[in-house]
Amino acid sequence: MSNDYFAQKAQSYGQNPDRVDNVSNIANAILEKVELNRSMHLLDFGSGTGLLLERLAPHAGKITAVDISPSMNRQLEAKRKNLGCELEILEMDLENQDLQDRFDGIISSMTMHHVRDVGAMFRRFHQHVKPGGFIAIADLDKEDGTFHTEDTGVFHFGFEQDAIAAAAREAEFSDVQVRSVSVIDTENGHYPVFLLTATA
Ligand SMILES: C[S@@+](CC[C@H](N)C(=O)[O-])C[C@H]1O[C@@H](n2cnc3c(N)ncnc32)[C@H](O)[C@@H]1O
């Protein structure tokens with residue numbers, strides 16, 4: 001993904017109540033499943049305007065937000081002073097660039113369907129999580145292609161839960177679990193969302 005596909009959407013992105021509700025459901029599911037603490041340094045992959053990380057920030061020490069989109073990053077920057085933890089924003093393409101740090105956990109919401117090679121991304125996650133750390137990755141179940149009405153750089157119409165779990169296991173994650181945590185209802189349909197959790 002080399003363009004700012006979200007340039008037109010960034011300003012109003014966080015104002016869609018269905019989108020906000022979906023990310024709240026994902027955040028609540030992560031908090032139920034993973035024990036966070038204030039010493040943790042987390043990576044949010046495809047952080048966007050920060051809908052997910054702002055909910056988890058009061059439970060972490062620091063969050064590194066990685067997003068390729070300058071316009072989404074600007075929206076997140078504006079929230080910095082009201083976040084509950086330290087924030088680092090990195091404008092980069094995680095499909096093609098590595099980070100220096102290793103993290104206690106990686107979180108991500110609604111971004112994996114924008115990734116061309118999901119297996120390679122799980123391997124990259126594995127390199128960037130400390131041994132014993134976690135990943136918590138949420139995205140759409142397999143859909144019929146009607147979810148996106150605009151081109152935002154989509155490579156996958158969601159994922160079969162078994163297939164994405166297999167990709168995480170192939171990248172050497174253990175205790176891989178996938179469960180349904182939310183549903184997005186739009187005028188085009190009913191789109192279930194899963195949360196995959198695993199340990200490095
Ligand atoms: C659908 S938005 C989700 C934003 C946020 N996580 C949320 O749930 O509201 C996907 C985000 O992933 C970012 N993104 C897509 N591919 C990326 C990549 N390879 N590296 C970094 N960011 C990426 C996009 O720029 C966009 O901000």
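Which residue in β2 does L42 stand opposite?

Modeller: The model is a predicted one. In it, L42 stands opposite I63 in β2. Strand β1, residues 41-45, and β2 pair in the parallel sense, and 5 bridges join them. Within this pairing, D44 stands opposite A65 in β2.

Strand β2 also pairs with β3: the two run parallel and are joined by 6 bridges. Here V66 stands opposite L90 in β3. As for burial, 5 of the 6 residues of β2 are buried, so the strand is largely enclosed by the rest of the structure. A residue is called buried here if 20 or more other C-beta atoms lie within 10 Å of its own.

These strands belong to an open sheet of 7 strands with mixed pairing, whose order is β3-β2-β1-β4-β5-β7-β6. Strands β3 and β6 (174-186) are the edge strands, since each pairs on one side only. From one strand to the next, the twist averages 15 degrees.

Two helices that pack on this sheet may be described next. Helix α2, residues 17-33, touches β4 (103-109), β5 (129-140), β6 and β7 (189-199). The direction of α2 makes about 155 degrees with that of β6. Helix α5, residues 118-128, packs on the sheet as well, where it touches β1, β4 and β5. The direction of α5 makes about 145 degrees with that of β5.

In helix α4, which spans residues 70-77, the residues M72, N73, Q75 and L76 are buried. Seen down the axis of α4, these buried residues fall within an arc of 155 degrees, so they line one face of the helix.

Finally, the ligand may be considered. It is surrounded by 21 residues, of which G46, G48, S69, S109 and H114 are the closest.

Key: Residues are numbered from 1 along each chain as its sequence is written. This is a predicted model: local features need pLDDT of at least 70, side-chain atom pairs count only at pLDDT 80 or more; totals for chains, interfaces and linings use all residues. A residue is buried if 20 or more other C-beta atoms lie within 10 Å of its own, exposed if 12 or fewer, and partly exposed in between; C-beta atoms are placed from the backbone. Helices (H or I, at least four residues) and strands (E, at least two) are DSSP runs, numbered from the N terminus. The arc is that of the directions from the helix axis to the C-beta atoms. A residue is near a molecule or strand if its C-beta atom, placed from the backbone, lies within 6 Å of it. Two strands pair if DSSP finds at least two bridges between them. Axes are lines fitted to C-alpha atoms, for helices over the stretch in contact, and angles run from 0 to 180 degrees between N-to-C directions. Two residues are in contact if their C-beta atoms, placed from the backbone, lie within 7 Å.
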